[in-house]
Amino acid sequence: MSFSAQASIPDARDALRAQGFYQFPTLHEADICQTITAFMDGHQADARTHFYYGQTEMRIWEAHERHPALGQFFEECHAFLGRLEGKADPVTLLAIRNRPLLAGDEASALGRWHLDSLRRQLKIFLFLNGATELSGPLELLPGTQRPSFKYGHLATGAFGMPWDFAPGRARRYARLDDMWVERLTAGQHPTTPVVCPPGTAILVDTSAIHRARPCVEGSRYALTAYYR
Ligand SMILES: O=C(O)CCC(=O)C(=O)O
Ligand SMILES: [Fe+2]
């Protein structure tokens with residue numbers, strides 16, 4: 001069965017509002033997940049393929065145009081969001097593969113916590129081979145997507161000063177201070193790493209504080225459906 005087959009719209013709405021994410025109750029078909037990871041491993045890098053963190057992270061953009069199984073997953077995401085939001089305004093599908101950071105590359109483990117935007121923004125992730133504590137799970141701080149949290153911290157300057165929001169300025173919320181986030185996780189907002197079996201999909205409001213935890217062992221293959 002595919003990931004959205006038994007999803008509940010009221011449950012998704014409640015979870016998004018309270019926690020900032022909703023885990024779909026059904027795993028995506030194992031054979032389709034395997035087809036996609038094999039496709040990613042065989043992919044020849046092109047202009048829309050980017051590498052980060054000493055080549056350990058590969059991002060294949062416009063993934064929905066590259067294989068029927070990827071196109072079908074993206075279509076299913078649109079259908080679910082259409083039911084949830086009354087519309088789906090898709091941007092693109094990313095296929096992302098992470099392998100362990102290189103020995104001694106401490107820099108790539110830092111500066112990862114961020115918000116994608118200050119306003120509510122939805123993404124659907126599919127963890128094709130699941131995720132472990134060590135393979136670089138998505139982590140987020142539940143509740144930090146709430147307007148009361150975001151706008152409260154906007155006033156403290158933690159997400160940037162008013163002049164950071166001028167066009168062309170780096171947005172401070174795109175790279176949060178690690179120590180500041182660690183204090184939040186030690187207090188009211190413990191982090192939730194999405195440790196999960198292969199085929200797990202989740203819907204996330206990426207205006208919550210989140211990051212991909214550094215991969216130190218194994219590998220993580222994921223799809224990310226982007227919406228406006
Ligand atoms: O790949 C991940 O676990 C999260 C990456 C991220 O920050 C995002 O897609 O917004
Ligand atoms: Fe993000």
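The dialogue below goes through several features of this predicted model and how each can be read.

Q: What kind of model is this, and how are its residues and chains labelled?

A: This is a predicted model, in which local features need pLDDT of at least 70 and side-chain atom pairs count only at pLDDT 80 or more, while totals for chains, interfaces and linings use all residues. Residues are numbered from 1 along each chain as its sequence is written, chains are lettered from A and ligands numbered from 1 in the order in which they are written, and side-chain values use heavy atoms, with hydrogens and water left out.

Q: Which residues touch the most other members of the largest nonpolar core?

A: A nonpolar core is a set of buried Ala, Val, Leu, Ile, Met, Phe, Trp, Tyr and Cys residues joined through side-chain atoms within 4.5 Å; buried means under 20% relative accessible area, exposed over 50%, and partly exposed in between, with a 1.4 Å probe and protein chains only. Here the largest such core has 35 residues, and those touching the most other members are Phe24, Phe80, Leu84, Ile124, Leu203 and Leu223.

Q: Which elements give two or more residues to this core?

A: Elements are DSSP runs numbered from the N terminus, helices being H or I with at least four residues and strands being E with at least two. Those that give two or more residues to the core include helix 1 (9–18), helix 3 (68–85), strand 5 (122–127) and strand 8 (200–205), and helix 3 gives the most, with eight residues. A second, separate core of 16 residues includes Leu138, Val194, Cys196 and Val204.

Q: What is Leu203 in contact with, leaving aside its neighbours within four places in sequence?

A: Contact means heavy atoms within 4.5 Å. By that rule, and with those neighbours left aside, the partners of Leu203 include Ala12 and Leu16, Phe80, Leu81 and Leu84, and also Leu122, Lys123 and Ile124.

Q: At what angle do the axes of helix 1 and helix 3 cross?

A: Axes are lines fitted to C-alpha atoms, for helices over the stretch in contact, and the angles run from 0 to 180 degrees between N-to-C directions. The axes of helix 1 and helix 3 come within 10 Å and cross at roughly 75°, which means that helix 1 is roughly perpendicular to helix 3. In this scheme, angles under 35 degrees count as roughly parallel, over 145 as roughly antiparallel, 65 to 115 as roughly perpendicular and the rest as oblique.

Q: Which residues meet where helix 1 and helix 3 are in contact?

A: From helix 1, Ile9, Ala12, Arg13 and Leu16 meet Phe80, Arg83 and Leu84 of helix 3. To sort such residues, Ala, Val, Leu, Ile, Met, Phe, Trp, Tyr, Cys and Pro count as nonpolar, Asp, Glu, Lys and Arg as charged, and the others, Gly among them, as polar. The contact then divides into five nonpolar, no polar and two charged residues.

Q: Which residues other than glycine have a positive phi?

A: Most residues other than glycine have a negative phi. Among the residues with a positive value are Tyr53, with a phi of about 55°, and Glu62, with a phi near 55°. Tyr53 lies in the loop between strand 2 (49–52) and strand 3 and is partly exposed at 27% relative accessibility, while Glu62 lies in the loop between strand 3 and helix 3 and is partly exposed at 22%.

Q: Is His114 buried or exposed, and where is it placed?

A: His114 is in the loop between strand 4 and strand 5 and is buried, with a relative accessible area of 19%. Leaving aside neighbours within four places in sequence, its contacts include Tyr173, Arg175, Ile209 and His210.
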